[in-house]
Amino acid sequence: HYGVQVGQGGLDMGNNARVNGNVYSNNSITGDSGATIMGDATVAGGLPASPTMEWATNNADHFFATASTNRDIAQSFTATASGPVPQVAVYLAKVGSPSSNITVRITNDNSGKPSTSSLANGTIVPSNVGSTPSWINVSFASPATVSSGTKYWIVLDYGSDSATNHWNWRKDTGDAYAGNTGRYTSSWSSGGAVWTDVGGDLAFRAWI
């Protein structure tokens, strides 16, 4: 008798897969018509199939961590519901071979820029990001709790810069996400940080 324990990725059972035991998952369990779990199937959490909010439109590259002035980058969002945010996603690619992890943070808004303290943080590992932009999911072990109608920021915090090894967060130059935008700076947690508009909205998804 066997058991399967699965994290935030959930379990997708294809090709008539069969588990001769129990399944415990932190996200959805899905499968084809022939998939079988002989024991108990327990889902401790799970996310909706669609994000609660997103700005997926993108028509241009936006490179960051190319110089010390743009190591950190952020996109604001206005919560459309109240509750914890267990996961966000950013439409990201790498250029060259950046070697350090990106710390992804949720912060409050401070007069049109991110606050200097984070409500939650997660990690993007370079090996999980390709040279072609794609949706990169980031889970938070201790999610931030947001309030409907309030503005927050998704901050990508990177500790170094390189003209040849950096990152590309795709953006929408139409800047049509009302009341929100993307900005970059040298150090997100510096009280005197100067934030510069990216000239549009950076593509993101968020689940509440």
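Is D61 buried, partly exposed or exposed? At 37% relative accessibility, D61 counts as partly exposed (buried means under 20% relative accessible area, exposed over 50%, partly exposed in between, with a 1.4 Å probe and protein chains only). The model is predicted, so local features need pLDDT of at least 70 and side-chain atom pairs count only at pLDDT 80 or more, while totals for chains, interfaces and linings use all residues. Residues are numbered from 1 along each chain as its sequence is written, and side-chain values use heavy atoms, leaving out hydrogens and water.

**Salt bridges**
- Five salt bridges are found in a search of the whole structure (a side-chain nitrogen of Lys or Arg within 4 Å of a carboxyl oxygen of Asp or Glu).
- One of them pairs R170 with D61, with 2.8 Å between the closest N and O atoms.
- E54 and R205 form another, at 3.0 Å between the closest N and O atoms.
- R71 and D161 also meet through their side chains, at 2.7 Å from N to O.

**Elements joined**
- Strands here are DSSP runs of E with at least two residues, numbered from the N terminus.
- R170 is in the loop between β16 (166-169) and β17 (171-172) and D61 in the loop between β8 and β9 (63-64), so this pair ties together parts 109 residues apart in sequence.
- E54 belongs to strand β8 (residues 53-55) and R205 to strand β21 (residues 204-207), so their bridge links parts 151 residues apart in sequence.

**Accessibility**
- R170 is buried, at 16% relative accessible area.
- E54 is partly exposed at 37%, and R205 is partly exposed at 24%.
- R71 is partly exposed at 27%, and D161 is partly exposed at 29%.

Technical notes
Helices (H or I, at least four residues) and strands (E, at least two) are DSSP runs, numbered from the N terminus.
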